[in-house]
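This report describes selected features of one protein model, shown below.

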Amino acid sequence: MPLRPILAVLAAVLLLVASSFASAGLQRGRKATPFDGIRWSRGAPEVLVDAEWYEPLVIHGVAVSDVLAFCDKRWPGQREKRFTEDLAEAIERMGHELPQAVSLDLRRLSDGEAITLTDVPCTAAKRTKLVRAARERSEARPTPAVLSMESAEADLQEFAERLRDQFAYLEWKGIDLDEAVAVSRKEIEAAREGSNSDVPTAALAEILDRLLMRFGDGHARVRSDAVPRSERWLPTPRLEIAGDGYVAVRPDRSVFFSAGRPYVVAIDGRPIDDWVDAVRSRIPAGSEQMVRFVAAGRVADLDRGRAALGIEPSDSVEITFAKNARGRGKKSETFDVARRSARADRWLERETGWLETRQAKRVKGGVGYIRLPRMDDDLVPELRRAMGDLASAGGLVVDVRGNGGGLRGLLLALAGYLVDPDGPPVVANVAAYRKSERFRDDHLGGSRHLYRADDPYWSEAEKAAIAAFAENFEPEWALPDGFSEWHYLLLRPTGHEEEYHFTKPVVVLCDAGCFSATDIFLGGLERLPNVTLVGRASGGGSARSQGFTLTHSGIEVRCASMASFRPDGRTYDGRGVEVDVEVPREAGDLLRGGGDAQLDAAVEVIRKRAR
């Protein structure tokens, strides 16, 4: 058939498809909003619709609280920006659509009346207007380079008040906030510069950062545009942990940065452990494995590391490499510094499917492999397809190494295949949040799937399972007054039409790069009888992180609003989830085409359990 008629047919088909979407009023992936204006109060949006201001409750069937929770997890620290600019994308990623005319459930701010508006236009023009207004507000309020002492002290006081109001881990480590604030006030006084005694905003940000890191909240952070960017970096990408040492590879992972000497044992003549200790004050005081994992990236920042160690700035750097972490066969080399942080190719590139190694083929039925690089609910359909393709496997490896978290949908979906359908639901997470007027009653619901024991969300059988569990639940940290009731996350069959009960051995591969929702993933699955955790302990963090911006400096702060516990009563923060079979990563595993000692150990566990 000639080419031109074929193209004509294709064009007609595409036009027909486009017309069908248009007739339904849907445009996938478009940029649009139903709001004429938006402003923020205590972290919650207030919206303008037809010249009236409202509190938005539901957007075309999707609870606003769920949208905000999704934005917090998908784009940490960008709630206002993403809700304003990417509302349609967020709702679409949640599994819904925004048509060109939407319904809105609102509460009018002038009199508190709840109303529903229908057929509200949802357009790109409205979004453009909101984006322009947000940009104008930002440009009108640039980050100040310096603050008066009065403004700096006011922001310090506001910082302390907001922590008292919404920070879950305020009392966790026994830190006296008043004493800590008094020390910070002295540090602010010492940071004054010039004859007018102004306080550099960057200095205030670093003082508040050091204070907040002491509390051990893995999600905590302090950020300011006033903090200058470093100009000198290691010429190698972030160091990576293998065994008990730090390894440097070329960006394409073809070879080690120094041939035959994978380990970095010193920088500028100072042992690598000194550099790790120098950045500890800028890392949350959580689990040791999390601190080391974060530090492996932070030591590449030469300007900050040298400042902390008292080393003069230089445009060259001496790196001492060795054949092992103990320093055997040391060799020092001098390099020009990099002017920006280097990036390496991803370490894990293995795709979901059947493992073809000789060891895996010795397992009757073979071994399936599922790679989950992030906790993204968009991956749930892919997970279900993989579970369908691998249903006949004699064992399954689920690899979440380096997965820094996200949402909890993948845990619920995978657990639906692994939980005994004839047994009771399994409690995977217990949590409570610090009560605040800024938080709604359903603060832990939505994307976190945490609900009170008496919540209508649960069936009677699920309420009974929670009640039986709660009788013996003893948290290692007795929460102080001012917290909500306990909330629970359950694992049980989901009822999905493709779901079945997978009873063969399952190994979950994890490491210190596993964090947040991935900690919950591990803490839930470890309770199932056919699941074994292999690798290294996870980082440890579960927070329902919330943010606020200080009035005078514009410094942005994030901190945990939720105290989160494993079912055995231990906290996730400060601990992580330990493994059943500990296997360190080997240096050669970090190279493209290298080995994978942890995966080999996982297959061996399956082989032994499948006998």
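Leu68 is buried, at 4% relative accessibility, where buried means under 20% relative accessible area, exposed over 50% and partly exposed in between (1.4 Å probe, protein chains only). The model is predicted: local features need pLDDT of at least 70, side-chain atom pairs count only at pLDDT 80 or more, and totals for chains, interfaces and linings use all residues. Residues are numbered from 1 along each chain as its sequence is written, and side-chain values use heavy atoms, with hydrogens and water left out.

Leu68 belongs to helix 2 (residues 64-74); helices (H or I, at least four residues) and strands (E, at least two) are DSSP runs, numbered from the N terminus. Not counting residues up to four places away in sequence, Leu68 touches Trp40, Pro45, Arg79 and Phe83, contact being defined as heavy atoms within 4.5 Å. Between Leu68 and Pro381 there are 313 residues of separation in sequence and 23 Å in space, C-alpha to C-alpha.

Val605 is found in helix 17 and is buried, with a relative accessible area of 15%. Which residues does Val605 touch, not counting those up to four places away in sequence? They are Val507, Thr532, Val534 and Val581. The C-alpha atoms of Val605 and Leu533 are 9.9 Å apart in space, and the two residues are 72 residues apart in sequence.

Val279 lies in helix 9 and has a relative accessible area of 1%, which places Val279 among the buried residues. Leaving aside neighbours within four places in sequence, Val279 is in contact with Ala295 and Arg298. Val279 and Val400 are 121 residues apart along the chain, and 27 Å separates their C-alpha atoms.

**Salt bridges and surface charge**

Side chains of opposite charge can pair when their charged atoms come close. The structure holds 47 salt bridges, each defined as a side-chain nitrogen of Lys or Arg within 4 Å of a carboxyl oxygen of Asp or Glu. Three of them are listed here.

| Salt bridge | N to O distance | Relative accessible area of each partner |
|---|---|---|
| Glu187 and Arg210 | 3.6 Å | Glu187 29%, Arg210 32% |
| Arg304 and Asp301 | 3.6 Å | Arg304 27%, Asp301 8% |
| Glu582 and Arg536 | 3.0 Å | Glu582 57%, Arg536 22% |

Glu187 and Arg210 meet in a salt bridge. Glu187 is in helix 7 (residues 177-190) and Arg210 in helix 8 (residues 201-213), so this pair ties together parts that are 23 residues apart in sequence. Glu187 is partly exposed, and Arg210 is partly exposed as well. In the pair of Arg304 and Asp301, Arg304 is partly exposed, whereas Asp301 is buried.

The salt bridge between Glu582 and Arg536 has an N to O distance of 3.0 Å. Glu582 lies in strand 27 (residues 581-582), while Arg536 lies in the loop between strand 23 (531-535) and strand 24 (545-549), so the pair ties together parts that are 46 residues apart in sequence. Glu582 counts as exposed, and Arg536 as partly exposed. Elsewhere, salt bridges that share partners join Lys31, Arg82, Asp86, Glu89, Arg93 and Asp378 into one network.

On the surface, Arg358, Arg362, Lys608 and Arg611 gather in a patch of positive charge. Such patches are made of residues with over 30% relative accessible area and no salt bridge; like charges are joined within 9 Å, and nonpolar side chains (Val, Leu, Ile, Met, Phe, Trp, Tyr) within 5 Å. Lys608 is placed in helix 17 (residues 597-609).

**Positive phi angles**

Most residues other than glycine have a negative phi, and most peptide bonds are trans. Arg253, which is not a glycine, has a positive phi of about 60°. Arg253 sits in the loop between strand 11 and strand 12 (263-267) and is buried, with a relative accessible area of 5%.

His449 likewise is not a glycine and has a positive phi of about 60°. Where is His449 placed? His449 occupies the loop between strand 19 (426-433) and strand 20 (451-452). With a relative accessible area of 18%, His449 is buried.

Key: Areas by Shrake-Rupley, 256 points an atom, 1.4 Å probe, with all protein chains shown as cover. Lys, Arg positive; Asp, Glu negative; His and termini not counted. Charge placed at Lys NZ, Arg CZ, Asp CG, Glu CD.
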